[in-house]
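Subject: Handover of a structure and the findings on its side chains

Dear colleague,

Please find the structure below, together with its sequence.

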Amino acid sequence: MSLKLRRSFLSRRIIHRSFALSKSGKQSESRDTPTVCGNGGSRGDDLVGEGKGGENDGGDCDTGSARRRRQQQQGGVVSSAGAVSYESSSWANMLPELLGEIMQRVEASEEQWPFRRDVVACGCVCKQWRAATRETVEKATLNQPGKITFPSSLKEAGPQDAPLQCLIKRDKKNGTFYLYLALSPSFTDKGKFLLAARRYRRGAHTEYIISLDAEDLCQGSKAYVGKLRSNFLGTNFTIYDSQAPYEGAKPSNGRAGRRVASKQISPQVPAVNFEVGQVSYKFNLLKSRGPRRMMCSLTCPSSLSEKISTKKVEEFSPVPGYTVLKNKAPRWHQHLECWCLNFHGRVTVASVKNFQVVATIDQSKPGGKGDEETVLLQFGKVGDDTFTMDFRQPLSAFQAFAICLTSFGTKLACE
């Protein structure tokens with residue numbers, strides 16, 4: 001009995017002491033500014049910085065006075081919940097004319113990566129800055145198409161005058177491929193990461209899942225952008241897009257066109273894919289030695305200038321033009337005794353995977369006939385696991401990457 005009374009007395013004492021501590025803590029908080037700690041800190045630095053965490057990400061506490069001084073310097077306003085409200089700050093209340101002039105100068109001065117990250121940072125300040133950044137980038141794309149600024153740029157047509165140079169890194173162990181934007185002529189520099197793909201075996205078929213995140217390569221992810229599916233022999237491929245390529249596009253029927261096994265996993269994640277292209281390799285029935293022969297049929301995106309011109313004349317067609325491509329036939333070199341193509345120094349290692357693609361039918365051109373002398377996409381080997389990929393209009397980075405993925409793997413029926 002005495003033991004039970006002693007336990008009850010100790011429990012009441014502990015409760016009384018904890019209540020006194022909490023009461024004194026509330027009184028101190030009412031007299032001083034609230035303290036911001038750890039992950040509850042302001043995320044204002046993320047909006048104007050490099051996308052990394054602020055100074056409070058390490059778990060250290062920040063006093064209210066220091067936080068108030070920092071907010072006065074940044075022009076932000078601290079809300080009652082402890083977050084920075086840029087929508088009511090001086091940044092959001094800037095005159096539209098002045099904001100447009102600032103964005104035009106930033107966009108014009110930062111044309112190449114990694115300096116172009118400043119344009120993306122401006123679009124992260126607030127809604128008004130985001131709208132101004134998007135409008136400025138769209139206007140600049142009319143004069144110089146093919147600039148990669150946002151993730152949506154990866155599904156837009158590439159440059160028209162000169163090809164956009166990229167690199168593909170292969171990881172044989174994990175069956176993963178990484179696409180980088182080349183920032184220098186060197187083949188050893190990775191550059192800026194754009195897309196990643198991983199190869200999966202689905203019964204008798206092979207699939208390449210393409211994602212914006214190199215660590216999250218699954219169809220149920222928000223970073224998923226599309227996939228590539230092949231037949232058993234690896235001679236026919238179908239390119240699927242996670243988003244509709246044009247207004248009114250119908251999703252693909254059948255199990256192959258579905259992203260996940262269930263009908264819908266989230267309202268924000270569509271459960272279907274859209275077919276945007278096919279790639280086929282011709283059979284080599286005689287088994288004669290020679291290069292691969294490839295044909296592509298793609299639904300290519302329209303350039304921004306074409307979209308605006310069609311809207312002006314009010315003759316908008318929901319179905320964009322399609323393009324038929326084929327690989328450029330190489331020539332036999334008598335001295336080297338091999339098939340050769342002129343890659344202009346962008347390919348250094350001989351491989352059956354190397355190819356150049358030209359257009360036979362291009363509805364974006366007058367008359368719908370393609371120019372078989374202009375190389376729209378070229379892919380070649382420069383190292384054991386390093387390849388170059390150069391593309392231009394009317395192909396997008398996503399479509400060019402998908403076509404290059406078809407070149408990997410053994411094709412016994414075509415070689």
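This is a predicted model: local features need pLDDT of at least 70, side-chain atom pairs count only at pLDDT 80 or more; totals for chains, interfaces and linings use all residues.

The ring of Phe387 takes part in a pair with Phe408, and the two centres are 5.0 Å apart. Their planes stand at 90 degrees, which means that the pair is edge-to-face. Phe408 is buried, as is Phe387. In the sequence, Phe387 belongs to strand E16 (residues 386-391), whereas Phe408 is in the segment after helix H8 (397-405). The pair therefore ties together parts that are 21 residues apart in sequence.

In total, the structure holds nine aromatic pairs. One of them joins Phe379 and Phe387, with 5.3 Å from centre to centre and 15 degrees between the planes, and this pair is stacked. Phe379 is also buried, with a relative accessible area of 0%. A cluster linked by ring pairs contains Phe177, Tyr208, Phe355, Phe379, Phe387 and Phe408.

Two lysines are placed over aromatic rings. Lys192 has its charged end over the ring of Trp113, at 4.0 Å from the centre of that ring. Lys155 lies over the face of Phe398, and here the distance to the ring centre is 5.3 Å.

How many disulfides does a search of the whole structure find? The search finds zero. Two cysteines illustrate the reasoning, for which one cut-off is needed: a disulfide requires two cysteine sulfur atoms within 2.5 Å. For Cys340, the closest cysteine sulfur is that of Cys338, at 3.6 Å, so the two are too far apart for a bond. For Cys296, the closest cysteine sulfur is in Cys404, and the distance of 9.6 Å is likewise too far for a bond. Both of these cysteines, Cys340 at 16% relative accessible area and Cys296 at 2%, are buried.

Leu98 is located in helix H4 (residues 96-109). Is Leu98 partly exposed or buried? With a relative accessibility of 45%, Leu98 counts as partly exposed.

Yours sincerely,

A colleague

Note on methods
Residues are numbered from 1 along each chain as its sequence is written. Side-chain values use heavy atoms; hydrogens and water are left out. Rings of Phe, Tyr and Trp (its six-membered ring) pair if their centres lie within 6.5 Å; planes under 30 degrees apart count as stacked, over 60 as edge-to-face and the rest as tilted. Buried means under 20% relative accessible area, exposed over 50%, partly exposed in between (1.4 Å probe, protein chains only). Helices (H or I, at least four residues) and strands (E, at least two) are DSSP runs, numbered from the N terminus. A charge sits over a ring if NZ of Lys or CZ of Arg is within 6 Å of the ring centre and within 35 degrees of the ring normal.
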